[in-house]
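Let's take a walk through a protein model together. Have the picture open while you read, and try to find each spot as it comes up.

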Amino acid sequence: MSEKMDNRVAIITGAAGGIGAASARRLAADGATVILADIDAKAVEAIAGTISGSHAYRVDLTDEESVQSLTSTVAERFGRIDILHNNAAIQNDAQRQKDLDVVNLDVAAWDMAMSVNVRGAMLMSKYVIPHMIAGGGGSIIHSASGFGVQGEATLTAYGASKAALIQLNRMIATQYGKQNVRSNCMVIGFVLTPLAIESTPDVVKDILLSHHLTPELGQPEHIANLVAFLASDESSFITGAAIPIDGGVTAHQPSYADFQKLFAAMGSGKL
Ligand SMILES: NC(=O)c1ccc[n+]([C@@H]2O[C@H](COP(=O)([O-])OP(=O)(O)OC[C@H]3O[C@@H](n4cnc5c(N)ncnc54)[C@H](O)[C@@H]3O)[C@@H](O)[C@H]2O)c1
């Protein structure tokens, strides 16, 4: 265990999921006391059981009282809150099947995406920031998505919620920077979480990889590395940023993959 994060207390929401669990594992390895929070109590307890010195709590981010109770319990029990990873999102199968193009989406799916992905992150920030200020400062890290900056044929509510999260990040950074509370946003691309490995056909993975500038697709640990950096003092001059972490998918021309295919068919890898 490193001593980089010694005496720091971190809350990670959606910690039963692939990225949240990796973030928790990494912050714990860096020495932080890690609080894993999720609506799925059984799953988050199972993950906390594999991370020494971590603690599992159930929270429902759609419920203000539940958020308030989590944050006050953590502050009372551990004395401070230094790091918040706003990572939870509603993206199970039932939600995805209802979150379609604008004309066909189920309005309940829109409300649910906004409630968990943005309102939940706002509530966590609202109740954590006073503890951060009382402790001399803190770092908030949000899990946004490429769906919040680029259009897509489906997942309208998810995309709109992630765009709102990117702006919430700037508001928090602007409002509490002078009190030493930083806020940064990760604009995450496709990540091979256990769920994604199971639910993504190889043909889809190949299409996604053709749009990456890196040789491989992303892993949860890639995201956890950025969380660890943004949580640490090494990033003390970075706030209000929306950092793409997507293997370069949003860095290139939309025609990039098509041209690569065309050049390969022509027997040349060059422009
Ligand atoms: N995996 C990817 O490819 C990818 C890409 C871009 C962005 N992201 C973002 O990264 C984050 C984590 O992604 P993941 O793939 O690990 O997700 P995941 O679906 O595996 O985990 C999300 C977690 O949030 C929890 N959750 C849902 N509703 C909740 C509520 N009301 N209260 C508390 N917890 C709740 C779920 O139980 C789940 O454990 C999400 O915000 C996601 O949008 C992921």
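In which helix do Phe259 and Phe263 both lie? That would be helix α10, which covers residues 256-265.

The mean pLDDT of the protein chain is 96, and 98% of its residues reach 70 or more. Among the elements, strand β4 (residues 83-86) has the highest mean value, 99, while helix α7 (residues 194-199) has the lowest, 91. In general, where pLDDT is low, the predicted coordinates should not be read in detail.

## Rings that pair up

There are 2 aromatic pairs in the structure. A pair of aromatic rings is described by the distance of the centres and the angle of the planes. For Phe147 and Tyr158, the centres are 5.6 Å apart and the planes are at 70 degrees; an angle over 60 counts as edge-to-face, so that is what this pair is. This pair links distant parts of the chain: Phe147 is in the loop between β5 and α6, and Tyr158 is in helix α6, 11 residues apart. Phe147 is partly exposed, with a relative accessible area of 29%. Tyr158, at 13%, counts as buried because the cut-off for buried is under 20%.

Now back to Phe259 and Phe263. Their ring centres are 5.9 Å apart and their planes are at 15 degrees, so this pair is stacked. Is Phe263 buried or exposed? Phe263 is buried, with a relative accessible area of 11%, whereas Phe259 is partly exposed at 41%.

One more ring to look for belongs to Tyr127: the charged end of Lys126 sits over this ring, 5.6 Å from its centre.

## The nonpolar cores

The largest nonpolar core has 30 residues, and Ile11, Leu70, Val74 and Met124 touch the most other members. Several elements each supply at least two residues of this core, including β1 (9-13), β2 (33-38), α3 (64-78) and α6 (156-176). Which helix gives the most? It's α5, with 7 residues. Apart from this core lies another one of 27 residues, among them Met5, Val34, Ala48 and Leu230.

Leaving aside residues up to four places away in sequence, Ile11 touches a whole list of others, including Ile35, Leu70, Val74, His85, Met124 and Val128.

## A strand covered on both faces

Next, find β6. How many of its 8 residues are buried? The count is 8 of 8. Both faces are covered: Val181, Ser183, Cys185 and Val187 are on one side, with Arg182, Asn184, Met186 and Ile188 on the other.

β6 runs parallel to β5, and 8 bridges join the two.

## A buried serine

Last stop: Ser23, which is found in helix α1 (residues 18-29). Its relative accessible area is 0%, so Ser23 is buried. What does Ser23 touch, not counting residues up to four places away in sequence? The contacts are Ile12, His85, Ala224 and Val227. You've already met His85, as one of the residues that Ile11 touches.

Definitions and conventions
Residues are numbered from 1 along each chain as its sequence is written. This is a predicted model: local features need pLDDT of at least 70, side-chain atom pairs count only at pLDDT 80 or more; totals for chains, interfaces and linings use all residues. Side-chain values use heavy atoms; hydrogens and water are left out. A nonpolar core is a set of buried Ala, Val, Leu, Ile, Met, Phe, Trp, Tyr and Cys residues joined through side-chain atoms within 4.5 Å. Buried means under 20% relative accessible area, exposed over 50%, partly exposed in between (1.4 Å probe, protein chains only). Helices (H or I, at least four residues) and strands (E, at least two) are DSSP runs, numbered from the N terminus. Contact means heavy atoms within 4.5 Å. Rings of Phe, Tyr and Trp (its six-membered ring) pair if their centres lie within 6.5 Å; planes under 30 degrees apart count as stacked, over 60 as edge-to-face and the rest as tilted. A charge sits over a ring if NZ of Lys or CZ of Arg is within 6 Å of the ring centre and within 35 degrees of the ring normal. pLDDT is the predictor's confidence in each residue, from 0 to 100. Two strands pair if DSSP finds at least two bridges between them.
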